[in-house]
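Here is a short briefing for a first look at this structure. Begin with the terms, then go through the topics in turn.

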Amino acid sequence: MIALEEKVLQGYKHKHLSFDKNEHKCEEVKALNPRAELPTFKHGDIVVNESYAACLYLESAFKSQGTRLIPDDPAEQALVYQRMFETNNLQQKMYEVAFYEHYVPEGERLESALKRNKESLVAELKLWDGYLEKMGKGSYLAGKSFTMADVVCFPIIAFFPRLHCPRERCPRLMEYYEMLKDRPSIKASWPPHWLEKPEGPDTLKNL
């Protein structure tokens, strides 16, 4: 939804579904996405189900409208794509710590495995902090302009303060979070249940 807002596409229809209630498994979603996964995006007769694919489609279809999210310069474009797809690493490593008990059955949980996951996440956070340090204060993820890298990565970064990650683990990422959290497109797309309950469980507290 951040990309939709950045491309000034107000008035679009959208529907929030609950994973906890398995609402994403409904027939309405399955009719558009045989995997019964979210997000599902439809523009006219075109259906795009993967979030990155939907974002890239929006930039292509509405290139001259709203914020330019993919630069023309090849070097700048390469960095945007690099940070976009690196987001998968950050997300996966965060999930393996924050939602360890959700994904791993009780009988299969090991303190040693969780410890390794935490170490891996700490190393990943250092990497991202280093990226921002190199860019300089006030920079976005791929330079001085807000790009598709920020569109896809900010929702993952937003989990860290919500789940009580110690600020000292990623001070530059937290500065970046503070810089972007009040951006209109981000505020417009904030998850409703996050608005109702700003703080989540403290699963990253002891990182």
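Buried means under 20% relative accessible area, exposed means over 50%, and partly exposed lies in between, with a 1.4 Å probe and protein chains only. By that scale, cysteine 170 counts as buried, at 0% relative accessibility. The model is a predicted one: local features need pLDDT of at least 70, side-chain atom pairs count only at pLDDT 80 or more, and totals for chains, interfaces and linings use all residues. Residues are numbered from 1 along each chain as its sequence is written, and side-chain values use heavy atoms, with hydrogens and water left out.

**Overall build**

- The chain has 11 helices and two strands. Helices (H or I, at least four residues) and strands (E, at least two) are DSSP runs, numbered from the N terminus.
- From the N terminus on, the order of elements is α-α-β-β-α-α-α-α-α-α-α-α-α.
- The radius of gyration is 18 Å, close to the 17 Å that the globule rule gives for 207 residues, so the chain is as compact as a globular protein of that length. This radius is taken over C-alpha atoms, and the globule rule is 2.2 Å times the number of residues to the power 0.38.
- The C-alpha trace spans about 50 × 45 × 30 Å along its principal axes.
- Of the 207 residues, 41% count as buried.
- Among contacts with a separation of 6 or more, 63% come from residues 24 or more positions apart. Contact means heavy atoms within 4.5 Å.

**The annotated domain**

- UniProt, in an unreviewed entry, places the feature "domain: GST C-terminal" at residues 73-202. UniProt positions are given in the numbering used here, feature names are shortened, and annotations may be inferred rather than shown by experiment.
- The span 73-202 is 68% helix and 0% strand. Its end C-alpha atoms lie 41 Å apart.

- The side chains of asparagine 49 and threonine 40 make a polar contact at 3.2 Å. A polar contact is a pair of N or O atoms within 3.5 Å; within protein, one must be able to donate a hydrogen and the other to accept it, and residues adjacent in sequence count only if both atoms are side-chain atoms.
- Leaving out residues up to four places away in sequence, asparagine 49 touches Leu32, Asn33, Pro39, Thr40 and Phe41.
- The buried residues of helix 3 are Tyr52, Ala54, Cys55, Tyr57, Leu58 and Glu59.
- Those buried residues pack against helix 1 (2-6), strand 1 (41-43), strand 2, helix 4 and helix 7 (148-157).

**Salt bridges**

- A salt bridge is a side-chain nitrogen of Lys or Arg within 4 Å of a carboxyl oxygen of Asp or Glu. The count comes to 13.
- Arginine 83 pairs with glutamate 86, with the closest N and O atoms 2.6 Å apart. Both belong to helix 4 (residues 74-98), three residues apart, which puts about one helical turn between them.
- Arginine 83 is buried at 10% relative accessible area, and glutamate 86 is buried at 11%.
- Lysine 115 and glutamate 119 also form a salt bridge, at 2.6 Å from N to O. They are four residues apart in helix 6 (residues 111-135), so about one helical turn separates them. Glutamate 119 is partly exposed, at 44%.
- An α-helix has 3.6 residues a turn, so residues three or four places apart point the same way.
- Glutamate 133 and arginine 172 meet at 2.7 Å, N to O. Glutamate 133 lies in helix 6 and arginine 172 in helix 9 (residues 171-180), so this pair ties together parts 39 residues apart in sequence. Arginine 172 is buried, at 13%.
- Salt bridges with shared partners join Lys7, Glu59, Lys63, Arg68 and Asp72 into one network.

**Cysteines**

- The chain has zero disulfides, a disulfide being a pair of cysteine sulfur atoms within 2.5 Å.
- Cysteine 165 is in no disulfide, and the nearest cysteine sulfur, that of cysteine 170, is 4.1 Å away. Cysteine 165 is buried, at 8%.

**Toward the end of the chain**

- Proline 198 is in the segment after helix 11 (192-196). Proline 198 is exposed, at 59%.
- The C-alpha atoms of proline 198 and isoleucine 70 are 31 Å apart, and the two residues are 128 residues apart along the chain.
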